[in-house]
Amino acid sequence: MAMQRWTSDRSAARVAEMQADHLADATRQTADLLLYRAQTVGQRATAIADDAEVSRALVGGDGQAIMDRLGREHLSPRTTVEVYAQDGTLLGWNGDPFAPAIGREQAVAPLLPPVQLVREGPLRDALVAWADVGDAGRVRVVQVVRAEPPVRNSFLRPYRLTDDLARSTQTALALHPPTYDEGEVVTLGDTPIARLVAEASSPQTLLRAQDRAFGDWNALWLLLLGLCALAALVMHARRHPSLGRALLVVGGLVGLRLLVHEWDVPGRWQMGRAITTPLAPLFDPTHFATTFGGGLLRSSGDLMLTALVFLAAGLTLRWGLLARTTTVWRSAWRRVLAWAVALVVVAASGWLLARIAERVVLDATLDLFARAPLVPPLLHLFVYASGLTLALGLVLIAASGVRLATQGDVPPVVLALVAGVASVAELVTGGDQALQLVPFGIAVAVVAWRWVPRSDLRLRGVMLGVLGLAAVVYPLLAQAHT
């Protein structure tokens, strides 16, 4: 922290130099990216123009042959290829049907137009390259570098080639045609292809970015420290297995989850787009966020992290109970206390599962019950997997309480009592998912009775477990949906 304060004070004194460095770095990277795109577009136009099949089709005026040839081109997004006859007639194309039309009249220009950025109204910019096919016609390749849809929603979003660089360099970047009267000229050889206007961020923005970078490092070191402490607890518990040490490991798991929540890990490292930070959609609160749980469920990724903690806690308690040597309670009041704790744990676990399932449906922008193909979208699958993981963890925790109270001897009448506790608690608290919690109670009773020995962890047992968990979770989601 002292190092961070010292660096921040030093940076504040040389903020003008930092702005100049950021501006120079952003300008260089953007110019290199634009030149690479321009060279790629020009090389593709030349390669298609030099294709003998395209030349023969142009000479014979065979538009179908040109369409067949262009149909075999593997084009990157927002790229279009067009072939024109000598008189300017469009004979074939492949790619975006709404490619910018500006400059198509150059198909009959006496001189070959250079590769350059063109602007079609205020909404779109594109790199355009031309190549001669002998005297028979010309090839035009267009790649959009900026698109501003007049209407914006989840399907229509603006695109700018410079967005990622502007975000990473903390600089405002804009590309303009070479005829623009401001900015630095970007040239390909001796030919200007565009003008680049770069504006450095404010001193406050740069200082905040630097503070965030230090925060990222602090979060990383604290995460590693927390993982090392948890690993030490686990190794100690394995050397001296007992229920008390298992509870200590569960406390370490909860502490690590709270640490991760406080420092927004790993969400703080997933702030970009999905193409640059693949986990960004999972930690994007626009898909799912709820205030329930004090922020532990503020995104789909946080939901999964919390579910994994519950699962690890359930497995740890199961391990601690298997290592427990005492088989009978020494006094009646301890048995009564154990039963009270067990019933409270079962009721609280069912109530918590019902509330989280309700929040997942009501607070998510994902339509979990929409018609979908056989394999749903990845975000939907992730939420479903989180629900199953959470249900398994809560079932194991509740079953651990029952096993502790019964000391492993679970008579059928006790199973019936356990199966109804969560539903009764839901009725008492005024919830509307009492009937839907019956499968949860049955699952707790079955696990407490059978305790899932290792011999059942085969494919058949795992598949039956997944189907059973689905029967637990789906009624809760469906009730919240209705």
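Me: Buried means under 20% relative accessible area, exposed over 50% and partly exposed in between (1.4 Å probe, protein chains only). Which residues of helix 4 are called buried?

Reply: In helix 4, residues 63-71, the buried ones are Gly63, Ala65, Ile66, Arg69 and Leu70. A word on the model before we go on: it is predicted, local features need pLDDT of at least 70, side-chain atom pairs count only at pLDDT 80 or more, and totals for chains, interfaces and linings use all residues. Residues are numbered from 1 along each chain as its sequence is written, and side-chain values use heavy atoms, with hydrogens and water left out.

Me: Why does the pair Asp62 and Gln64 count as a polar contact?

Reply: A polar contact is a pair of N or O atoms within 3.5 Å; within protein, one must be able to donate a hydrogen and the other to accept it, and residues adjacent in sequence count only if both atoms are side-chain atoms. At the start of helix 4, a side-chain oxygen of Asp62 comes to within 3.3 Å of the backbone nitrogen of Gln64, so the distance meets the cut-off.

Me: Why is the pair Arg69 and Asp51 called a salt bridge?

Reply: The term asks for a side-chain nitrogen of Lys or Arg within 4 Å of a carboxyl oxygen of Asp or Glu. For Arg69 and Asp51 the closest N and O atoms are 2.8 Å apart, so the pair qualifies. Arg69 is in helix 4 and Asp51 in the loop between helix 2 and helix 3 (52-60), so the bridge ties together parts that are 18 residues apart in sequence.

Me: How many salt bridges does the structure hold?

Reply: The structure holds 19. One of them joins Arg138 and Asp132 at 2.6 Å, N to O. Arg138 is buried at 6% relative accessibility, whereas Asp132, at 34%, is partly exposed. Salt bridges also link Arg119, Asp125, Arg146, Glu148, Arg160 and Asp163 in a network.

Me: How far apart are Asp363 and Arg359 along helix 9?

Reply: They are four residues apart in helix 9 (residues 332-363), which means a separation of about one helical turn.

Me: What makes Thr30 buried, and which residues does Thr30 touch?

Reply: Thr30 lies in helix 2, and its 2% relative accessibility is under the 20% limit, so it counts as buried. With contact meaning heavy atoms within 4.5 Å, and residues up to four places away in sequence left out, Thr30 touches Thr162, Leu165, Leu173, Leu175 and Leu196.

Me: Is Leu23 buried or partly exposed, and what lies across from it in space?

Reply: Leu23, also in helix 2, is partly exposed, with a relative accessible area of 27%. Ala198 is 175 residues away in sequence, yet the two C-alpha atoms are 6.8 Å apart. Besides neighbours within four places in sequence, Leu23 is in contact with Thr171, Ala198, Glu199 and Ala200.

Me: Where is Ala49, and why is Ala49 called buried?

Reply: Ala49 lies in helix 2 (residues 15-49). Its relative accessible area is 6%, so it falls under the cut-off and is buried. Apart from neighbours within four places in sequence, Ala49 is in contact with Ala131, Asp132, Val133 and Val139.

How values were computed:
Helices (H or I, at least four residues) and strands (E, at least two) are DSSP runs, numbered from the N terminus.
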